[in-house]
Amino acid sequence: MAVRFAPSPTGYLHVGNARTAIINYLYGRAHAASFILRLDDTDTDRVSDEFIRAIEEDLAWLGIEWDRVEKQSERLGEYEEVFSRLREDGHVYPCFETPEELTLKRKTQLAAGKPPVYDRASLNLSDKEIAALKDAGRTAYWRFKLDGEPVTWVDEIHGDLKVETSSLSDPVLIRGDGRPLYLLSSVVDDMQMGITLIVRGEDHIANTAAQIQLFNAIGARAPRFGHHGLLTGPGGEPLSKRIGSIALRTLREQGVEPMALVSYLALIGTSDAIENKFSTTELLQDFYLSKISRTPSVFDVDILNRLNAKFLHDMPFSVARDRLADLGLPHIGEEFWIAIRPNLNSLKEVFDWWHIVHEPLDPLIDDAKFLERAADLLPESSWSGDTWKEWTKAISEASGRKGKDLFHPLRRALTARDQGPEMQRLLPLMGYDRAVGRLRGHKA
RNA sequence: GACCCCAUCGUCUAGCGGUUAGGACACGACCCUUUCAAGGUCGAGACACGGGUUCGAUUCCCGUUGGGGUCACCA
């Protein structure tokens, strides 16, 4: 048993890709199937090493581990071999239109209100005509001949699915320059790598029909297929329109916790509550393909951010320590973490609170007299966890203030912020000198 | 234009002929905390429309509308 995730290294991974990867990865682990990272890098014009590195990096960030990597660019011989067999068996035919001619054809068909399907003009060329075309300097590209019958399969997510191949163009297998195209390389790989299940977006449904016919033509057994609904933007519009903001690297730079994202992506479109899981193993406990719906689902960045915040609020220091070290903050201790944790939306905000507690800042002074009084009341030494409570009680008795009137000015003077972690925990971290300086209106 | 998929609270969804249409997130109120946040309790909130089938449709069928996808010498 084997599953695969097959991105094309022609761009950065986004949340839609990641969801497909996660589903396949989870399925693989749940069924002891190997998980192959297959790089569909045959389009040499668009592929770059940078994207390959980025894909591996992003996947690793998500905690997805692959058993092995396969590159299509290193398997050209395999495709060539299968193609010759297809050719001998008469499943493919040479075509001679230029790309421009094909584009023109499609335009005319569309203008006439007809489906832009290849008309098989090259299928009926005589040997003589072919020879003439070649003499004229034209090189052949090759199409796979669809049999025109409906293709049906039992989809792991949709149930019975049917596609009319008569409404599809015969897919191109080999380009004029000899390079293999997606349909061929993909089917050959899936066959030779023993892929047993392919889960991908439903934008591939038409491809699946053609691929099943190709598997049959080769004499191989097609794997099982599952097509999940696509993710959309908040208005139900295609996610591809906001590609920049949903790229994995963008989210990572914004301080999104990988497991918060993985949890969201693994759970969206299922009937399970969308909530944080702390490991992929935990996600595995309850993972079934049958839970994934056929409906397009809205991917909401607000939900991601909330999940992310919640993830941080619940993060124990033992986990946070490593994450903080990654950020270059190895000196942060447990008391500090516990104090600020409940107010974090992003791990990056740790920097802000670190500065507030440990570096001079300009206090926000609303009522200098009141704050001076408070400063006088602040004990110089023998602080404990109750110091804040005792101190504010003393201020309250001395000033008659309570509630918001009491606390808000103190918070603003001490932190220069309107809200934040519990002052009870923050004050001891700050220390007497800094606190008193700020209360008296000094930069401290 | 053709082919395909989809349609339940704002969002993710449960439902597989008879339910007070359930849950989670968000939202509102209250409680707690002598601030904010967190937490607790309660509440409001949905079957796209029109035809059938049936004693009975959210559920089955057809159509309409709406959304999405595909129709590359990209993947």
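Select the surface near RNA strand B, where near means a residue heavy atom within 4 Å of the strand. By class, this surface holds 21 nonpolar, 20 polar and 18 charged residues. Here Ala, Val, Leu, Ile, Met, Phe, Trp, Tyr, Cys and Pro count as nonpolar, Asp, Glu, Lys and Arg as charged, and the others, Gly among them, as polar.

The model is predicted: local features need pLDDT of at least 70, side-chain atom pairs count only at pLDDT 80 or more, and totals for chains, interfaces and linings use all residues. Residues are numbered from 1 along each chain as its sequence is written, chains are lettered from A and ligands numbered from 1 in the order written, and side-chain values use heavy atoms, without hydrogens and water.

Next, pick Asp40, Arg46, Glu97, Pro116 and Arg175. Of the 59 residues around RNA strand B, these come nearest.

Zoom to glutamate 97. One of its backbone N or O atoms lies 2.4 Å from a base nitrogen of RNA strand B. Move to asparagine 207. A side-chain N or O atom there is 3.0 Å from a base nitrogen of RNA strand B. Then glycine 403: a backbone N or O atom lies 3.1 Å from a sugar or linking oxygen of RNA strand B.

Show α17 (403-415). This helix (a DSSP run of H or I, at least four residues) gives the largest share of the surface near RNA strand B, four residues.

Finish at valine 350. Leu324, Phe336 and Trp337 are among the residues in contact with it (heavy atoms within 4.5 Å), not counting residues up to four places away in sequence.

Note on methods. Polar contact = N/O pair within 3.5 Å; in protein donor to acceptor, adjacent residues only side chain to side chain. Helix = DSSP H or I, 4+ residues; strand = E, 2+ residues; numbered from the N terminus.
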